[in-house]
Amino acid sequence: AQKITQTQPGMFVQEKEAVTLDCTYDTSDPSYGLFWYKQPSSGEMIFLIYQGSYDQQNATEGRYSLNFQKARKSANLVISASQLGDSAMYFCAILQTSYDKVIFGPGTSLSVIP
Amino acid sequence: DGGITQSPKYLFRKEGQNVTLSCEQNLNHDAMYWYRQDPGQGLRLIYYSQIVNDFQKGDIAEGYSVSREKKESFPLTVTSAQKNPTAFYLCASSIWGSNQPQHFGDGTRLSIL
């Protein structure tokens, strides 16, 4: 069965510093996609970045980048130049193509300190 | 603007009462999903639908029911059989069969009176 693990329940980062949020996954499907979402305290889920299992390069979207290590089944999110507005819950999720369902991890709470 | 609309934002249920949460999308997406989120936890899949008039149970379907009579609409009913319904409910949609991300509504917070 597919599973997402996020081992950091809470993280703190100084404003303007970079931070890495960990995500490991377990799947037997050779084709899958990995997503990161941000959930502010207001509750909405905001899509940040996507990495396909066959993508050769690590995904980047503005200040967000994904450190994808396929052999280690790791897909860590890197946020550069943290801003106060980055304070939120961050969820890693996996979509297995053969199952057509997305499984979410338990999330990491990020707090940006001025 | 295209998006997903969930209503109401807040909902209160009395003991033994069924309540229905609305989810409408104008993104022309085939697939729609309902998730439950408890405080400090991740999202758990309740039901999902790939096409009109068809839907599948997710990981925690007991005590819930859905319908998909129109492509744009995927309402969720929380029945009296759901003994612990207090949670945050999120509806999402996506293009079926692709690796496109899910788009989410703003959620409905359900509480028991």
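The side chains of Arg63(A) and Asp86(A) form a salt bridge, with N to O at 2.8 Å. The two residues come from distant parts of chain A, 23 residues apart. The model is predicted. Over all chains, the count is five salt bridges and two disulfides. Chain B and chain A also share an interface, with about 1600 Å² of buried area between them.

- Arg63(A) sits in the loop between β7 (60-61) and β8 (64-69) of chain A.
- Its partner Asp86(A) sits in the loop between β9 (74-79) and β10 of chain A.
- Arg63(A) has 22% relative accessibility, so it counts as partly exposed.
- Asp86(A) has 2% relative accessibility, so it counts as buried.

**Salt bridges in chain B**

- Lys71(B) and Asp30(B) form a salt bridge, and their closest N and O atoms are 3.4 Å apart.
- This pair links distant parts of chain B, 41 residues apart.
- Lys71(B) lies in the loop between β7 (64-66) and β8 (76-78) of chain B.
- Asp30(B) lies in the loop between β3 and β4 (31-37) of chain B.
- Lys71(B) is partly exposed, at 25% relative accessibility.
- Asp30(B) is partly exposed as well, at 31% relative accessibility.
- Asp38(B) forms a salt bridge with Arg44(B), with the closest N and O atoms 2.7 Å apart.
- Asp38(B) counts as buried because its relative accessibility is 11%, under the cut-off of 20%.
- Arg44(B) is partly exposed, with a relative accessible area of 34%.
- Arg36(B), Asp38(B) and Arg44(B) belong to one network, joined by salt bridges that share partners.

**Disulfide in chain A**

- Cys23(A) and Cys92(A) are joined by a disulfide, with S to S at 2.0 Å.
- The torsion about their S-S bond is about -65°, so this disulfide is left-handed.
- Cys23(A) lies in the loop between β3 (19-21) and β4 (24-26) of chain A, while Cys92(A) is in strand β10 (residues 88-96) of chain A.

**Disulfide in chain B**

- Cys23(B) and Cys91(B) are joined by a disulfide, with S to S at 1.8 Å.
- The torsion about the S-S bond is about -75°, so this disulfide is left-handed.
- Cys23(B) is in strand β3 (residues 19-25) of chain B, and Cys91(B) is in strand β9 (residues 87-94) of chain B.
- The pair links distant parts of the chain, 68 residues apart.
- Both Cys23(B) and Cys91(B) are buried.

**Interface of chain B and chain A**

- In this interface, 21 residues of chain B are in contact with 22 residues of chain A.
- Carbon and sulfur atoms give 55% of the area buried between the two chains.
- Leu43(B), Asn99(B) and Pro101(B) supply 30% of the area that chain B buries against chain A, more than any other three residues.
- Two residue pairs are in polar contact between chain B and chain A, counting pairs with both residues at pLDDT 80 or more.
- On the side of chain B that touches chain A, β4, β5 (43-49) and β9 each supply at least two residues.
- Among the elements of chain B, β5(B) gives the most to this side, with three residues.
- By class, this side of chain B has nine nonpolar, nine polar and three charged residues.

**A closer look at Leu27(B)**

- Leu27(B) has its place in the loop between β3 and β4 of chain B.
- At 25% relative accessibility, Leu27(B) is partly exposed.
- Leaving aside neighbours within four places in sequence, Leu27(B) is in contact with Gly2(B), Gly3(B), Ile4(B), Ser93(B) and His103(B).
- Leu27(B) and Lys83(B) are 56 residues apart along the chain, and 34 Å separates their C-alpha atoms.

Methods:
Residues are numbered from 1 along each chain as its sequence is written. Chains are lettered from A and ligands numbered from 1 in the order in which they are written. This is a predicted model: local features need pLDDT of at least 70, side-chain atom pairs count only at pLDDT 80 or more; totals for chains, interfaces and linings use all residues. Side-chain values use heavy atoms; hydrogens and water are left out. A disulfide is a pair of cysteine sulfur atoms within 2.5 Å. Helices (H or I, at least four residues) and strands (E, at least two) are DSSP runs, numbered from the N terminus. Buried means under 20% relative accessible area, exposed over 50%, partly exposed in between (1.4 Å probe, protein chains only). A salt bridge is a side-chain nitrogen of Lys or Arg within 4 Å of a carboxyl oxygen of Asp or Glu. Contact means heavy atoms within 4.5 Å. Buried area is the accessible area (1.4 Å probe) that two parts lose on being put together, summed over both. A polar contact is a pair of N or O atoms within 3.5 Å; within protein, one must be able to donate a hydrogen and the other to accept it, and residues adjacent in sequence count only if both atoms are side-chain atoms. Ala, Val, Leu, Ile, Met, Phe, Trp, Tyr, Cys and Pro count as nonpolar, Asp, Glu, Lys and Arg as charged, and the others, Gly among them, as polar.
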